[in-house]
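Please look over the sequence and the structure before reading on.

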Amino acid sequence: MHRSMSRFDLKARDVIGSGGLALFFVVVWVISLPRLCRFWQYILDKGITLVPIHAGLGLSEHHVTRYLRFFIPYPRMQPIAPDAQTWGWTAIAVAALFATSFLLPETQMPLRYLLRIVCFIQGTGLLYFLWEPARFPHTPDSYLEGLITYGIAMISFVPILFGFTYYIMNFSLLQKVFLTVVAMTHLTLFLPLLILLQAMILQKSVLFMPLLYIVFGLPVEVLMIIAFYSWGMSWPSPQPTGESRP
């Protein structure tokens, strides 16, 4: 019987073991943050040079208690409002995507709605920058700093999330450790690449910032965590959850 159809018996040892494992990963992650920030700083510095991106590298100081201090790196860029050409080509692209969504077959209904959501978000951005471009309150600096800060928080939350949803399942300790290490390592390597990609787009114009934030920011990392969790839940376990033990 599939584990989703079996009865789940949560025992005290499962709760204690899950909490202990989650706490272990959180502590290791927090202690590793200063070194990880230096690693991200190196990647961002090399990426800004190689891509190239017209930006400097800023450092934002943070504390976890008074004993642990680290500096979060982020690209520093000048905000560039959309010119008439950028606004016009973007409007044409939005209109073309919106029209394309009606041409897709009904079997592609999820893609239809995804395209329309993207068009709606970018369309509102176009309208905003058409009427009040000078009042846009966000800069690439603050946005990218916030994106990497939220990304760190998201990675920190992975073992806690797995503690409530995965560690309590009847998987071996090796499976739990492996899934957590792979998920957190993947997100750690992905985060600076996401920052560089978004910086490449934002150096053209802040017109695309709302779409990057709502669709291609944290939601991408959330989907990655869900994908890893689904992958882990598909693994065979030593004993199906809820099966009686001698």
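The model is predicted. Two packed helices are described by the angle between their axes and by the distance between those axes. For a pair of aromatic rings, the description uses the distance of the centres and the angle of the planes.

**Packing of α1 and α4**

- Helix α1 covers residues 12–50 and helix α4 covers residues 140–165; they pack at an angle of about 160 degrees, and their axes are 9 Å apart.
- Angles over 145 degrees count as roughly antiparallel, and α1 and α4 are therefore roughly antiparallel to each other.
- The crossing of α1 and α4 is right-handed.
- On the α1 side, the contact is made by Ser 18, Ala 22, Phe 25, Val 26, Trp 29, Leu 33, Trp 40 and Leu 44.
- On the α4 side, the contact is made by Ile 148, Ile 152, Ile 155, Ser 156, Pro 159, Ile 160 and Gly 163.
- Of the residues in this contact between α1 and α4, twelve are nonpolar, three are polar and none is charged.

**Aromatic rings**

- The whole structure contains 14 aromatic pairs.
- One of these aromatic pairs is formed by Phe 98 and Phe 102, whose ring centres are 5.1 Å apart.
- The planes of Phe 98 and Phe 102 stand at 80 degrees to each other, and the pair is edge-to-face.
- Both Phe 98 and Phe 102 belong to helix α2 (residues 84–103), where they are four residues apart, about one turn of the helix.
- Phe 98 has a relative accessible area of 40% and is partly exposed.
- Phe 162, Tyr 166, Tyr 167, Phe 171 and Tyr 229 together make up one aromatic cluster.

Definitions and conventions: Residues are numbered from 1 along each chain as its sequence is written. This is a predicted model: local features need pLDDT of at least 70, side-chain atom pairs count only at pLDDT 80 or more; totals for chains, interfaces and linings use all residues. Side-chain values use heavy atoms; hydrogens and water are left out. Axes are lines fitted to C-alpha atoms, for helices over the stretch in contact, and angles run from 0 to 180 degrees between N-to-C directions. Helices (H or I, at least four residues) and strands (E, at least two) are DSSP runs, numbered from the N terminus. Angles under 35 degrees count as roughly parallel, over 145 as roughly antiparallel, 65 to 115 as roughly perpendicular and the rest as oblique. A crossing is left-handed if the near helix is turned anticlockwise from the far one by less than a right angle, and right-handed if clockwise. Contact means heavy atoms within 4.5 Å. Ala, Val, Leu, Ile, Met, Phe, Trp, Tyr, Cys and Pro count as nonpolar, Asp, Glu, Lys and Arg as charged, and the others, Gly among them, as polar. Rings of Phe, Tyr and Trp (its six-membered ring) pair if their centres lie within 6.5 Å; planes under 30 degrees apart count as stacked, over 60 as edge-to-face and the rest as tilted. Buried means under 20% relative accessible area, exposed over 50%, partly exposed in between (1.4 Å probe, protein chains only).
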